[in-house]
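Dear colleague,

Please find below the structure for your review. My findings follow directly after it.

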Amino acid sequence: METQTITQEIGETTAATQPVSKELSGSEALLEALIVEGVDTIFGYPGGAIMPIYDALYDYSEKLNHILVRHEQGGIHAGQGYARTSGKVGVVFATSGPGATNLVTGLADAQIDSTPLVCITGQVFAHLLGTDAFQETDVINITTPITKWNYQVTDATEIPEVIAKAFYIARSGRPGPVLIDITKNAQIQKFQFEGYTPCNHIRSYRPKPIVRPQYIQQAAELINNAKKPFIIWGQGVILGSAEKEFKAFVEKSGIPAAWTILGAGAIPTDHPQNVGMLGMHGNYGPNVLTNECDVLIAIGMRFDDRVTGRLDKYAKQAKVIHLDIDPAEIDKNVKSTVPVWGDCKETIPMLTQLVEQRQHTEWLNTFNEYTRKEVEQVIHEELNPSTEEMTMGEVIKHLNELTNGDAVIVTDVGQHQMVACRYAKFNNTRSNVTSGGLGTMGFALPAAIGAKFGAQQRDVVAIIGDGGFQMTLQELGTIMQTGVNVKIVILNNRFLGMVRQWQELFNQRRYSFVDIQSPDFVTVAKGYGIAGKSISDRSELEGSLKEMLAHDGSFLLEVFVTKENNVFPMVPQGCSVAEIRLK
Amino acid sequence: MENKNQANNTSLSPGEGQGEAKQEFNITVYTENQIGLLNRIAIIFTRRKINIDSLNTSPSEIDSIHRFNIVITESEEVVRKLTRQIEKQVEVLKVYYHTNADVVWQELALYKVSTDVIAEKVSVERLLRENGARAVTIRKDYTVFEATGHREETDNLIKILQPYGLIEFVRSARVAIIKDSEGFNSKLREFERLEPGEEVIENEYLNQGQKVFTM
């Protein structure tokens, strides 16, 4: 008995330390690789060219939780939601041809929003490539501009190394989506699997630029001599897991800080130095004062046109310090005075060490004055409307009170997105999941499903417009089948609201095809076995939100809001941030 | 064979050092040898609606590393942004850009002319010699000449041969050697190390005088 145990132990130890050599199919090797990479959830949809992988998955279903979505676009958005809340790489499976092309929107979205994904697509047999075979499409060339990296595997022996590279590239440096296309013969082919080693180096790839201390020094000098310094931060702080370091920097320097839409939540909404949101529908103060600060410290953000407004009138008076991990972002849109290349988790603490402890009370008060004006002219009415009909803002206000700012808020694209991001309270990082760069309608429902799988212990509330919901509502089927607990709030204004707002303001109210009809959403939800409720009276709002949050399982709440409300403030296209309108 | 005068500064377009003015730039890209990379690099230009004047790709002196020579006419600002976008690609090792003054460059041209004409007209042979052309193939029906040089030089020979019945003409992409990149070969070799030195991996662009590009 005893000797047996010892040999067993020895046997196990050697198995763990020495690479295992066993005959596996390409499909099995892929799944072994995913397990070593720590993957627990896969979002996918089977089809002809990926059948060998699905066949292998049948035996791995205890270790890998495969979520069957209703459309590959839903699968990839779910993968994005998962990545955004968990901080891990989202994994998506799709078949060749239409399965692969249905990933395109999600890949473009993940590429522009730097979301780490590894997508595996099946492909026709290698000998059929280029023959216009059934469900053959040139997915590598289609996805080249919208992936950080992609690669076609035609031989099973390549799989361990390629998957290792895929995960390393997806999550390191500035993260992004990777697509691996595997031909069916490679999925079937047996080969001697020598174990899986994660990748940590590719000679042609430098995920992090080397930090140059002289630039940190120069940046600190600028900050220490500034009278009106202003921090603007983006998702880079979250992607770099540098929230703690960032908070320490903000607090020591005493500088007011504003966020881009994807940066929301890196420091809590009610932090005294958090002065609000930047951009086209951001807050009044941060936009106007961008053109009054003397030193602009941009951290992990890329000066998107929705943030800068008219570029030749953007922060021209300011010296710009730009911290970014991606050298291609430096000087791309806004010329920097001091470029700080590097991972902000390293560069921010270096900067914190060199900046003087300060309090910019008077300057911070300037922001507060603008906030008072904005509250007076915009926010108060939005959150406490005098109209009979409800506003989007008041729904968010009540939601804040009930979730206390601890929920993950997933939004779609349009007016409700701007309102939700403006007014939602975020106590924690990785709480705001939205399609920022690409502006993908239909993102929210599948992303919310993924977000919940990525943060199972948290409440996930999807805020969606009536238009966007109809783009991917088939994913209610995924909710039904998995039983995932997602709260869905549809803010129904019976319009494609943001386009309508522009048509009202800039196209003389020529409402061209923005009048959208919707089905009875509650009945649709009911068809999927999801509880729901539709309200149009203010008196029902708080109770219904409570009911939704308390409900055991998913719940769809449709709230009818004012038809023709506009989101303000607004920096009209082609205007400088200082020309922001309050009405 | 002697080869004409080295690239002199006459080929430098006006606007050098004038910031926004467009001129020819030679972009040198060192990459891994991988299928699809040509497309990945090409779309960086096409996405921005920038025309590639000339593109040459070939193995470099180091096994498995390829070298692209790309010529475009743009302002330095645009070129700098493009090079960063190219360098961002996973399989790209290094990117440099140079004005024509900073490189020695050549294009190869082939001319097919009727052998009878050359045999009959002594002047043609003289003209070809004067223009540094060299016969590569001589057949009964036609002769193929080769000439290397700058665009205007190979263009000039077309004009000269046209009256004598030029049958076919083809020109290669430009290849260029960086004047100031002394020791680049050793830098390139250093990429094979797991942790190359700072100087090698920094995002530098070898400008005139081999100055490290700093922002």
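In this predicted model, chain B contains an open sheet of four strands, arranged in the order β2-β3-β1-β4 with antiparallel pairing. The edges of this sheet are held by β2 (54-59) and β4 of chain B; each has a single partner strand, so one side of each is left without a neighbour in the sheet. On average, neighbouring strands are turned by 15° against each other, direction ignored.

Strand β1 (residues 23-32) of chain B pairs with β4(B) in the antiparallel sense, over seven bridges. Within this pairing, I27(B) stands opposite Y97(B) of β4(B). The helix α2(B) lies across β1, β3 (65-74) and β4 of chain B, and runs at about 165° to β4(B).

Some of these elements also take part in the contact between the two chains. That contact takes 22 residues from chain B and 23 residues from chain A. On the chain B side, α1 (37-46), α2 (76-87), β4 (92-99) and α7 (198-201) each supply at least two residues. By class, the residues of chain B that touch chain A divide into eight nonpolar, four polar and ten charged.

I turn now to chain A as a whole. Its secondary structure comes to 24 helices and 20 strands. The C-alpha trace of chain A spans about 75 × 60 × 60 Å along its principal axes. For 583 residues, a compact globule would have a radius of gyration near 25 Å, and the value for chain A, 25 Å, agrees with this. Of the 583 residues in chain A, 55% are buried. Among the contacts in chain A with a separation of 6 or more, 78% are between residues 24 or more positions apart.

Chain A is divided into domain 1 (20-193), domain 2 (213-366) and domain 3 (388-561). The centres of domain 2 and domain 3 of chain A, taken over C-alpha atoms, are separated by 31 Å. Where these two domains meet, twelve residues of domain 2 of chain A are in contact with 15 residues of domain 3 of chain A. The side of domain 2 of chain A that touches domain 3 of chain A has seven nonpolar, three polar and two charged residues.

Two elements of chain A may be of interest to you. In strand β20 (residues 555-560) of chain A, five of the six residues are buried, so this strand is largely enclosed by the rest of the structure. Strand β18 (residues 487-492) of chain A runs parallel to β20(A) and is joined to it by six bridges. Strand β19 (residues 531-535) of chain A also runs parallel to β20(A), with five bridges joining the two. Which residue of β20(A) is the bridge partner of I490(A)? The partner of I490(A) is E558(A), and E558(A) is likewise the bridge partner of S534(A).

The other element is helix α6 (residues 104-112) of chain A, in which T105(A), G106(A), L107(A), D109(A) and A110(A) are buried. The cover over the buried residues of α6(A) includes α4 (72-86), β5 (117-123), α7 (139-143) and β7 (177-183) of chain A. S114(A) follows α6(A) and has a positive phi, near 50°.

Finally, some backbone features deserve a check by eye. Most residues other than glycine have a negative phi, and most peptide bonds are trans. Against that background, the following points in chain A may be noted:

- F568(A) and P569(A) are joined by a cis peptide bond, with omega about 0°; P569(A) lies in the segment after β20 of chain A.
- D331(A), a residue other than glycine, has a positive phi near 65°. D331(A) lies in the loop between β13 (319-324) and β14 (338-341) of chain A, and is partly exposed, with 18 other C-beta atoms within 10 Å.
- Q508(A), also a residue other than glycine, has a positive phi near 50°. Q508(A) is found in the loop between α22 (497-506) and α23 (521-527) of chain A, and is exposed, with 7 other C-beta atoms within 10 Å.

Yours sincerely

How values were computed
Residues numbered from 1 in each chain as written. Chains lettered and ligands numbered in written order. Predicted model: local features only at pLDDT ≥ 70, side-chain atom pairs only at ≥ 80, totals over all residues. Contact = placed C-beta atoms within 7 Å. Nonpolar A, V, L, I, M, F, W, Y, C, P; charged D, E, K, R; others polar. Rg over C-alpha atoms; globule rule 2.2 N^0.38 Å. Buried ≥ 20, exposed ≤ 12 C-beta atoms within 10 Å, placed from the backbone. Domains from an automatic or database assignment. Pairing = 2+ DSSP bridges. Axes fitted to C-alpha atoms, helices over the stretch in contact; angles between N-to-C directions.
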